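Colleague: I am new to this structure and would like to get to know one part of it well. Please pick a single element and take me through it slowly, together with whatever surrounds it.

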Amino acid sequence: MRPVVSKIAGEDATVDYYYVDVDQSPELAMKFGVQSIPTMILIKDGKEAGRKIGAAREADVLKFAHS
């Protein structure tokens, strides 16, 4: 998912996209309860507003990010 998210992040300035390597940041994965990879978490106003588990196409990531 990293290439897809990186591409979208470069094209969509309306949303902040972040990639976290759970091996490098296990405390962050634990904080957000990430149990499967890939997991995308949508955060709005500091709270989780959605979660998508599994690989997704570019169009689906954009739709999720703007939901």
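Modeller: Helices (H or I, at least four residues) and strands (E, at least two) are DSSP runs, numbered from the N terminus. The model is predicted, so local features need pLDDT of at least 70 and side-chain atom pairs pLDDT 80 or more, while totals for chains, interfaces and linings use all residues. Residues are numbered from 1 along each chain as its sequence is written, and side-chain values use heavy atoms, without hydrogens or water.

Helix 3 covers residues 58–65, and its buried residues are Val-61, Phe-64 and Ala-65. Looking down the axis of helix 3, these buried residues fall within an arc of 95°, so they line one face of the helix. That arc is taken from the directions that run from the helix axis to the C-beta atoms.

What lies over that face? The cover of the buried residues of helix 3 includes helix 1 (2–11), together with strand 1 (39–44) and strand 2 (47–53). Contact means heavy atoms within 4.5 Å.

A neighbour from a loop comes next. Tyr-17 sits in the loop between helix 1 and helix 2 (26–31). With a relative accessible area of 18%, Tyr-17 counts as buried. Leaving aside residues up to four places away in sequence, Tyr-17 touches Leu-62, Ala-65 and His-66, and also Val-5, Ile-8, Ala-9 and Asp-12. From Tyr-17 to Ile-41 there are 24 residues in sequence, and their C-alpha atoms are 10 Å apart in space.

If you follow the chain onward, you reach His-66, in the segment after helix 3. His-66 is partly exposed, at 45% relative accessibility. Again leaving out residues up to four places away in sequence, the contacts of His-66 are Asp-12, Thr-14, Val-15 and Tyr-17. His-66 and Gly-10 are 56 residues apart in sequence, with 15 Å between their C-alpha atoms.

Two backbone details belong to the loops beside the covering strands. Pro-38 is in the loop between helix 2 and strand 1, and the peptide bond leading from Ile-37 to Pro-38 is cis, with omega near 0°. Asp-45 is in the loop between strand 1 and strand 2. Phi of Asp-45 is near 55°, a positive value in a residue other than glycine, and Asp-45 is exposed, at 80% relative accessibility.

Not counting residues up to four places away in sequence, Val-20 touches Ser-25 and Leu-28.

Terms used
Buried means under 20% relative accessible area, exposed over 50%, partly exposed in between (1.4 Å probe, protein chains only).
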